[in-house]
Amino acid sequence: MSQLPQCPPRPNEPQICCKLQPGEQPCCEMGPGGGSAGSGKPVPPDVKAKIEEAFQKLEKQESKSLLKKYLTRDVFNKLKDRVTPDGSTLLDVIQSGVENPDSGVGIYAPDADAYSVYAELFDPVISDYHIGFKPTDTHPNLEWGDFSTLKDLDPDGKYIKSTRVRCGRSIKGYPFNPRMTMEYYLQMEKDAQQAFSKLDGVHAGKYESLASMTPDRQKKLIDDHFLFKEGDRFLQAGKACQFWPKGRGIFLNPTNTFMVWVGEEDHLRIISMQMGGDLGAIYKRMVEGVQKLEKTLTFVRHPRLGYITFCPTNLGTTVRASVMIKLPKIGGDLDSLEAIANRYDLQVRGTAGEHSVSADGSYDISNKRRLGLTEYQAVSKCTKVS
């Protein structure tokens with residue numbers, strides 16, 4: 001592990017806790033909602049001008065994003081002069097949504113403290129996306145549940161092509177993407193490699209760094225839907241792709257059923273997948289992989305919001321369980337399909353992304369809500385598609 005500063009003391013400032021072990025008390029406290037005045041540092045004059053410019057641009061835009069919905073002039077005036085202890089400003093939070101008015105959400109957390117310093121914006125966005133998780137609510141304790149109760153969703157193999165369960169994790173001691181230096185990325189990659197080297201059984205495999213990967217190998221992994229790629233305009237506008245490809249890579253087992261992304265949107269994306277609909281086996285593999293990694297790495301967990309990540313849509317459990325399913329009869333009517341999915345707190349993504357129509361009626365359907373329920377409850381949402 002790196003010897004980076006861990007939970008540095010910040011008098012009178014909200015802090016983010018490391019993962020709590022049984023019997024431990026939080027190393028910091030964060031009250032329900034309400035926000036924080038920030039670090040007291042002044043916003044640099046050039047940045048202050050950019051913040052005002054960005055808001056004026058947002059005001060003129062036609063957008064259905066949650067950023068547009070909740071960043072009113074009153075909220076903006078409260079937040080525009082705040083700075084987090086790590087030096088993040090409101091511009092860091094909103095820049096992606098301003099540059100991409102077609103965003104669904106439009107905000108990112110440039111560092112962990114942003115969730116409290118800019119709570120007047122994050123809290124309503126979180127409540128809206130996570131279906132009523134209020135500023136006074138607390139995310140429940142970790143509960144993986146009983147794997148054996150999750151059966152094969154499509155034992156006859158008629159509809160489900162493949163199933164995937166993943167979760168995001170932030171490693172203690174590192175900021176989020178906009179505040180990551182190249183040295184941070186490289187050290188984080190080394191820490192992850194050390195943890196990967198200790199994996200055994202079905203989780204054992206090989207790490208490949210993007211910096212040394214051949215173009216052909218990279219294309220092969222992307223075409224096979226195993227590897228992420230650079231170029232996402234939402235992440236780029238949110239300053240999540242700096243120093244690319246330094247510190248990024250993929251760990252993969254020989255059967256391509258367990259993998260970990262390093263340095264994409266989150267520090268780690270831990271993924272279990274296979275063909276068919278055996279949700280229980282796939283979920284079990286991911287959980288056991290997370291537990292093995294926890295023996296070497298310490299993951300950041302907030303006392304109210306659960307596991308903290310870069311995007312507010314991935315708080316709490318951070319778990320996304322999805323099936324790639326072919327629906328020949330309703331697949332051509334995306335509006336009806338999304339209406340049905342919404343009734344069960346599910347999210348529909350076409351082969352070209354969210355809100356895209358699939359040519360053959362195949363869609364990725366997953367749990368939408370990740371905050372305010374247990375890991376087991378989040379994964380169980382996936383059973384609604386069977």
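Strand E9 (residues 346-350) is largely enclosed by the rest of the structure, because four of its five residues are buried, where buried means under 20% relative accessible area, exposed over 50% and partly exposed in between, with a 1.4 Å probe and protein chains only. Helices (H or I, at least four residues) and strands (E, at least two) are DSSP runs numbered from the N terminus. The model is predicted, and local features therefore need pLDDT of at least 70 and side-chain atom pairs count only at pLDDT 80 or more, whereas totals for chains, interfaces and linings use all residues. Residues are numbered from 1 along each chain as its sequence is written, and side-chain values use heavy atoms, with hydrogens and water left out.

E9 pairs with strand E11 (residues 362-367) in the antiparallel sense over four bridges, two strands being taken as paired if DSSP finds at least two bridges between them. Within this pairing, Arg349 stands opposite Asp364 in E11.

E9 is also among the elements against which the buried residues of helix H6 pack, together with helix H2 (66-70), helix H3 (73-79), H4 and H5; contact here means heavy atoms within 4.5 Å. In H6 (residues 119-129), the buried residues are Ala119, Leu121, Phe122, Asp123, Val125, Ile126 and Tyr129. Ile131, which follows H6, has a positive phi, near 55°.

When residues up to four places away in sequence are not counted, Ile94 touches Ala54, Leu67, Leu71, Gly106, Ile107 and Leu121.

Thr84 is found in the loop between H3 and H4 and is buried, with a relative accessible area of 0%. Apart from neighbours within four places in sequence, Thr84 is in contact with Ser39, Lys41, Asp111, Asp113, Ala114, Val117 and Tyr118. The C-alpha atoms of Thr84 and Ser116 are 9.1 Å apart in space, while the two residues are 32 residues apart in sequence. Gln61, in the loop between H1 and H2, counts as buried at 13% relative accessibility, and its contacts, again leaving aside neighbours within four places in sequence, are Lys68, Gly97, Val98 and Pro101.

Side chains of opposite charge can pair when their charged atoms come close. The structure holds 19 salt bridges, each defined as a side-chain nitrogen of Lys or Arg within 4 Å of a carboxyl oxygen of Asp or Glu. One of them joins Lys57 to Glu99, with the closest N and O atoms 3.3 Å apart. Because Lys57 lies in helix H1 (residues 45-60) and Glu99 in helix H4 (residues 90-99), this pair ties together parts that are 42 residues apart in sequence. Lys57 is partly exposed at 38% relative accessibility, as is Glu99 with a relative accessible area of 47%.

A further salt bridge links Asp102 and Arg233, whose closest N and O atoms are 2.5 Å apart. Asp102 lies in the loop between H4 and helix H5 (114-117) and Arg233 in helix H9 (residues 233-237), so the pair ties together parts that are 131 residues apart in sequence. Asp102 is partly exposed at 49% relative accessibility, and Arg233 is partly exposed at 39%. Asp137 forms a salt bridge with Lys134, the distance between the closest N and O atoms being 3.5 Å; Asp137 is partly exposed at 21% and Lys134 partly exposed at 43%.

With a disulfide defined as a pair of cysteine sulfur atoms within 2.5 Å, the count comes to zero disulfides. Among the cysteines, Cys241 is buried, with a relative accessible area of 14%, and Cys382 is buried at 1% relative accessibility.
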